[in-house]
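The sequence and the structure come first.

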Amino acid sequence: MHILSALLVGLAANLDNFGVGVSYGVQKIRIPFLSNFFIALLSGFITFIAVFTGHFLSHFIAVANMLGAILIILIGIWVTVHKPTAEQALPAAVPAMKTYSISIKPLSTIVKITKNPSMADIDANGFISSREAIALGLTLSFNCIATGIGAGLTGLSPLPLAISVCLFSLLTISSGYWAGWKTASDRLEGYSQFLSGAMLILIGIYELLN
């Protein structure tokens, strides 16, 4: 059942990525496969480190499985009830024929992207380059850290979950972009956030009872 849990956690951790893809699709900001692959690779790598850390800590904590399950549940509750601010909820328009300097401090860039994912298109050319994908990937990977540690505490193996997160990252961003481009509506972004939180809560309850 750990394989099934790894697949479900990988999907739940990436449903926010679906929302980001929707936002980009609505704004017609292209995410080529190579950029999408870099994002997925970063998410998978950071998840592996997080799960490995949780797995390591489980050897020193007697009630590790319970703590990990509770952590996943708490993350799910936070994701479900968290409401984006107006700045986050409304996609920022991409200014036409305007250039920006790429020399922005990495930490500042990541903070801005966290508040509004469309800020990853630093040069505002309607295209997420491989370089910009690294900043976006690091931002989206933050969701995987706490979830990965919790999953590791419950006994999930690092490699299967990292592969699951990587694959679902590829799928959710591309499918989200397609949905946003086709529907021109960002409502799906809010639905994906709620579904992500609900799935994490259910996974946490399942792990808590087993």
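F33 and F37 are four residues apart in helix α2 (residues 33-57), so about one helical turn separates them. Helices here are DSSP runs of H or I of at least four residues, strands are runs of E of at least two, and both are numbered from the N terminus. The model is predicted: local features need pLDDT of at least 70 and side-chain atom pairs count only at pLDDT 80 or more, while totals for chains, interfaces and linings use all residues. Residues are numbered from 1 along each chain as its sequence is written, and side-chain values use heavy atoms, with hydrogens and water left out.

A pair of aromatic rings is described by the distance of the centres and the angle of the planes. Rings of Phe, Tyr and Trp (its six-membered ring) pair if their centres lie within 6.5 Å; planes under 30 degrees apart count as stacked, over 60 as edge-to-face and the rest as tilted. By this rule the count comes to three aromatic pairs. The F33 and F37 pair is stacked, because the ring centres are 6.2 Å apart and the planes lie at 25°.

Accessibility is given as relative accessible area (1.4 Å probe, protein chains only): buried means under 20%, exposed over 50%, and partly exposed in between.

| Residue | Relative accessibility | Class |
|---|---|---|
| F33 | 62% | exposed |
| F37 | 30% | partly exposed |
| T147 | 4% | buried |

## Helices α1 and α6

Helix α1 (residues 2-27) packs with helix α6 (residues 130-153) at an angle of about 155°, their axes being 10 Å apart. This makes α1 roughly antiparallel to α6, a term for angles over 145 degrees. Axes are lines fitted to C-alpha atoms over the stretch in contact, and angles run from 0 to 180 degrees between N-to-C directions.

With contact meaning heavy atoms within 4.5 Å, V9, D16, N17, V20 and Y24 of α1 meet L136, L140, N143 and T147 of α6. The residues of this contact divide into five nonpolar, three polar and one charged.

T147 lies in helix α6. Leaving aside residues up to four places away in sequence, T147 touches V9, I72, I75 and L200.

## The whole chain

The protein has eight helices and zero strands. Of its 210 residues, 46% count as buried. Among contacts with a separation of 6 or more, 90% are between residues 24 or more positions apart.

Notes: Parallel < 35°, antiparallel > 145°, perpendicular 65-115°, else oblique. Nonpolar A, V, L, I, M, F, W, Y, C, P; charged D, E, K, R; others polar.
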